[in-house]
Amino acid sequence: MAVASTQVRADCIEATEFPDLSRQYAVMAVPKIVINDRVQFEGALPERQFLDAVLRAVNGGGTPA
């Protein structure tokens, strides 16, 4: 999404090199995705579920990160 749109920014963090961030976001598996500090999930999701998570974050829903 970040490659396709200038309105999306993505950061990739190596969890073992940034243990403070790993603890802050409770990283237990990778990939760990946190969207706008609102929605988070671990593991690879099918495209539809990933898009649903993005929409939850944009619309203010989801599990707090």
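Predicted model: local features only at pLDDT ≥ 70, side-chain atom pairs only at ≥ 80, totals over all residues.
Okay, let's start with Ser22. You'll find Ser22 in helix 1, which covers residues 19-24. So is Ser22 buried or exposed? With a relative accessible area of 14%, Ser22 counts as buried, because the cut-off for that is under 20%. What does Ser22 touch, then, once we skip the neighbours within four places in sequence? Ala15 and Val27 are the contacts there.

Ala26 has a relative accessible area of 42%, so we call Ala26 partly exposed, as the value falls between the 20% and 50% limits. For contacts, again leaving out anything within four places in sequence, Ala26 has Lys32 and Glu42. There's a distance for this one too: Asn59 is 33 residues away from Ala26 in sequence, and C-alpha to C-alpha the pair is 23 Å apart.

So, to recap: Ser22 is buried in the model, while Ala26 is partly exposed. That's it from me, thanks.

Terms used. Residues numbered from 1 in each chain as written. Heavy atoms only, no water. Helix = DSSP H or I, 4+ residues; strand = E, 2+ residues; numbered from the N terminus. Buried < 20%, exposed > 50% of the residue type's maximum accessible area, 1.4 Å probe, protein only. Contact = heavy atoms within 4.5 Å.
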